[in-house]
Amino acid sequence: MILAGDLSRAALRRQLRQARRNLPPLQQRRAARGLYRQLAQHPLFRRARHIALYLPNDGEIDPRPLLRAAQRRGKATYLPVLGPWPRTRMHFQRVRPGEALVRNRFRIEEPAIRRARQRKAWALDLILLPLVGFDAYGGRLGMGGGFYDRSLAYLQRRKKWHKPTLLGAAHECQRVDRLALASWDVRLGAVVTDLRWYG
């Protein structure tokens, strides 16, 4: 676990990104299988009908085994898609097995934009979020673009909500003692790694 107190957000982000990129391919594959084992039979995943996931980039833990499992079980699966530059909007768009993907401006694969297949965040049951760093209190440090925070900002105005469940996905090496959160940061319901749950 990394002690975050003495580091700026930028320095912490650099250190954590390097830690996850340094994981060798075999360890990455094992982590993906571990994440699958932690989640595939969990009630949150089993009950969810509309699930948003992500495609891994920059050493992120790989949720594709969960994506395939959800599709095999007949669940509706969604991936984030970015609006055209200079807009910074992110939407969740349904993706089907075998669908061709394109690379966005960050070189991350996503479905070709089709507005008719997009779903509002509040209409999803579960959103699995990538992250750079996390703590055991629901804190999430992202890549710095604010895409998820802006897409989920409406949750800050609610005292309670039942869905979507926000679940971070990470490697153990991305855990820090305590993150200093900004006012716009959206807290997670929990974080799951290949080894355990936090929160």
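Is Asp-58 buried or exposed in this predicted model? Asp-58 counts as buried, because its relative accessibility is 17% and the cut-off for burial is under 20%.

## Two residues with positive phi

Asp-58 is found in the loop between strand 1 and helix 4. It is not a glycine, yet its phi is positive, at about 60°.

Arg-107 is another non-glycine residue with a positive phi, here about 70°. Its place is the loop between strand 4 (101-103) and strand 5. Arg-107 counts as exposed, because its relative accessibility is 56% and exposed means over 50%.

## Helix 4 and its cover

Helix 4 spans residues 64-72. Its buried residues are Leu-66, Leu-67, Ala-69, Ala-70 and Gln-71. Several elements cover them. Among these are helix 2 (25-39) and helix 3. Strands 1 (50-52), 2, 3 and 7 (126-129) are also included in the cover.

Just after helix 4 comes Gly-74. Gly-74 takes a positive phi of about 80°.

## Arg-46 in helix 3

Arg-46 sits in helix 3, which covers residues 43-47. Leaving aside neighbours within four places in sequence, Arg-46 is in contact with Ala-40, Gln-41, Arg-73 and Lys-75. With Gln-41 there is also a polar contact, side chain to side chain, at 3.2 Å.

How far apart in space are Arg-46 and Gln-118? Their C-alpha atoms are 22 Å apart, and 72 residues separate them in sequence.

## The nonpolar cores

The largest nonpolar core has 45 residues. Those with the most contacts inside it are Leu-39, Leu-66, Phe-92, Ile-127, Leu-128, Leu-152 and Leu-166. Leu-66 is also one of the buried residues of helix 4.

Take Ile-127 as an example from this core. Not counting residues up to four places away in sequence, Ile-127 touches Ala-52, Phe-92, Ala-121, Tyr-148 and Leu-152, and also Pro-164, Thr-165, Leu-166 and Leu-167. A second, separate core has 7 residues, including Leu-16, Val-132, Leu-141 and Val-176.

## The largest pocket

The largest pocket holds about 680 Å³ of space. Its lining has 31 residues. Which of them lie nearest the centre of the pocket? They are Arg-140, Met-143, Gly-145, Phe-147 and Tyr-148.

Helix 1 (9-21), strand 2 (76-82), strand 5 (109-111) and helix 5 (147-151) each supply at least two lining residues. Helix 5 gives the largest share, 4 residues. By class, the lining divides into 15 nonpolar, 6 polar and 10 charged residues.

## The second largest pocket

The second largest pocket has a volume of about 280 Å³. Arg-89, Met-90, His-91 and Phe-92 are among its lining residues.

Strand 3 (90-95), strand 6 (118-119) and helix 5 each give two or more residues to the lining. Which element gives the most? Strand 3 does, with 3 residues. The lining has 5 nonpolar, 3 polar and 4 charged residues.

## The cavity

How many cavities of 30 Å³ or more does the structure hold? It holds 1. The largest cavity has about 30 Å³ of space. Leu-129, Arg-140, Tyr-148, Asp-149, Leu-152, Leu-166, Val-186 and Leu-188 line it. By class, that lining has 6 nonpolar, no polar and 2 charged residues.

## Val-191 in strand 11

Val-191 lies in strand 11, residues 190-192. It is buried, with a relative accessible area of 1%. Not counting residues up to four places away in sequence, Val-191 touches Leu-131, Phe-134, Leu-167, Gly-168 and Ala-170, as well as Arg-196, Trp-197 and Tyr-198.

Val-191 and Ser-151 are 40 residues apart along the chain. Their C-alpha atoms are separated by 19 Å.

Conventions
Residues numbered from 1 in each chain as written. Heavy atoms only, no water. Contact = heavy atoms within 4.5 Å. Polar contact = N/O pair within 3.5 Å; in protein donor to acceptor, adjacent residues only side chain to side chain. 1 Å grid on protein atoms, 1.4 Å probe; cavity = no way out; pocket = protein on both sides within 12 Å on 5 of 7 lines; lining within 4 Å. Points joined across faces, edges and corners; volume = space filled by probe spheres on them. Nonpolar A, V, L, I, M, F, W, Y, C, P; charged D, E, K, R; others polar. Core = buried A, V, L, I, M, F, W, Y, C linked by side-chain atoms within 4.5 Å. Buried < 20%, exposed > 50% of the residue type's maximum accessible area, 1.4 Å probe, protein only.
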